[in-house]
Amino acid sequence: MTILKKKYYDLNPILSKGCKYSIIFGERSNGKTYSTLKYGIEQYVKHGEQIGLVRRWRDDFIGKRGEAMFNALVDSGEIARITGGEWTGVFYRSSRWYLCRYNDDNERETDETPFCYGFAITSGEHDKSTSYPKITTVIFDEFIARSYIPDEFVLFMNILSTIIRDRENVRVFMLGNTINKYCPYFSEMGLKDIKNMKQGEIAIYRYGDSGLSVAVEYCKPNKKGKESDVYFAFNNPSLQMITNGEWELDIYPHNTEKIRPKDILFTYFIIWNGDILQCEVVERDSKMFTFVHRKTGLIKDEDHDIIFSADYDPRPNWRRKILKPTTKLDKKLAYFFQADKVFYQDNEVGDIVRNYLEWCIA
């Protein structure tokens with residue numbers, strides 16, 4: 001068998017941190033998934049420990065997608081290498097993966113025990129009554145997305161609870177591409193500095209005296225100036241995620257006119273994932289629109305200014321979801337977003353608002 005040589009992401013630096021959670025994000029197709037699945041299979045071969053593979057939707061790993069999940073490890077010869085030639089392939093059936101081989105008559109021989117189980121966040125309720133005592137490696141692939149399931153973080157925690165039960169020997173890997181800097185998992189897990197991380201950096205988060213620790217790595221591109229980059233050389237900032245692992249940003253409408261104080265009819269604020277945005281309803285030359293920019297400093301009058309935030313606050317001037325208005329004023333403010341009459345300071349501000357609006361309609 002020919003072994004294909006290719007440089008993949010190196011899992012060892014983040015493994016050396018010894019954390020319960022390892023969060024790894026960076027450019028697409030740099031080997032994050034390959035290296036983590038390889039680690040899980042090694043644990044199975046050495047210790048009989050299994051993998052729990054988590055995806056958002058069940059369709060992410062059934063049928064042809066499930067059959068192809070370990071193809072890279074089969075094609076590279078890693079399965080044969082890890083098992084000392086005992087097994088050469090992987091067989092998929094009913095959200096389970098088994099090591100397999102083919103005899104001289106091209107008949108498949110399959111390991112009796114699955115080395116990996118699949119879990120879908122949307123189907124977590126169906127797994128609660130089942131026990132998985134041999135799963136010690138949990139891999140949540142593509143956890144960073146452009147949109148999310150309502151209460152997704154809690155649903156993911158429920159899956160982990162089903163798998164872990166009362167053990168403490170489970171290691172959780174969360175893998176993602178740099179497609180959304182404002183992923184809700186970051187705020188839910190208290191990962192406050194991810195937006196400021198540099199490529200190649202590993203940050204460690206600890207949570208009081210609980211013993212919980214989370215390692216976060218913004219991995220470097222495996223290779224600068226890849227041959228395939230020529231296919232993505234369009235003048236589009238979103239493609240920087242593919243070519244060099246930078247955060248993907250959509251292109252949003254910018255305001256090109258100078259706004260005078262007398263043009264501003266009303267000001268309100270959106271607080272999202274620690275960012276404070278100032279929103280100004282502007283009327284000028286018979287045109288009306290909303291301009292959104294970063295708020296420099298704190299909100300001066302939190303008891304009277306209209307503030308939209310995911311936080312629950314009993315004050316009458318605080319609201320939560322701008323796209324679900326409950327007053328005449330709220331309906332007027334929501335209109336600008338519904339009619340695409342909103343302009344942004346820059347693309348990053350646009351992305352913050354997009355994530356907030358996604359949450360509003362969830």
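This briefing describes the overall composition and the nonpolar cores of the structure above. The model is predicted: local features need pLDDT of at least 70, side-chain atom pairs count only at pLDDT 80 or more, and totals for chains, interfaces and linings use all residues. Residues are numbered from 1 along each chain as its sequence is written, and side-chain values use heavy atoms, with hydrogens and water left out.

**Overall form**
- The protein holds 10 helices and 16 strands, taken as DSSP runs (helices H or I, at least four residues; strands E, at least two) numbered from the N terminus.
- Its C-alpha trace spans about 85 × 50 × 35 Å along the principal axes.
- Among contacts (heavy atoms within 4.5 Å) with a separation of 6 or more, 63% join residues 24 or more positions apart.

**Surface and burial**
- Of the 362 residues, 49% count as buried, meaning under 20% relative accessible area with a 1.4 Å probe, protein chains only.
- Carbon and sulfur atoms account for 49% of an accessible surface of about 19,100 Å², computed by the Shrake-Rupley method with a 1.4 Å probe.

**Nonpolar cores**
- A nonpolar core is a set of buried Ala, Val, Leu, Ile, Met, Phe, Trp, Tyr and Cys residues joined through side-chain atoms within 4.5 Å.
- The largest core has 39 residues, of which Met174 and Tyr185 touch the most other members.
- Elements that each supply at least two residues of this core include strand S8 (171–177) and helix H7 (184–188), while H6 gives the most, with 6 residues.
- Beyond its neighbours within four places in sequence, Tyr185 contacts residues including Arg56, Phe140, Glu152 and Met174.
- A second, separate core of 32 residues includes Tyr34, Tyr39, Leu53 and Trp87.

Technical notes: Buried < 20%, exposed > 50% of the residue type's maximum accessible area, 1.4 Å probe, protein only.
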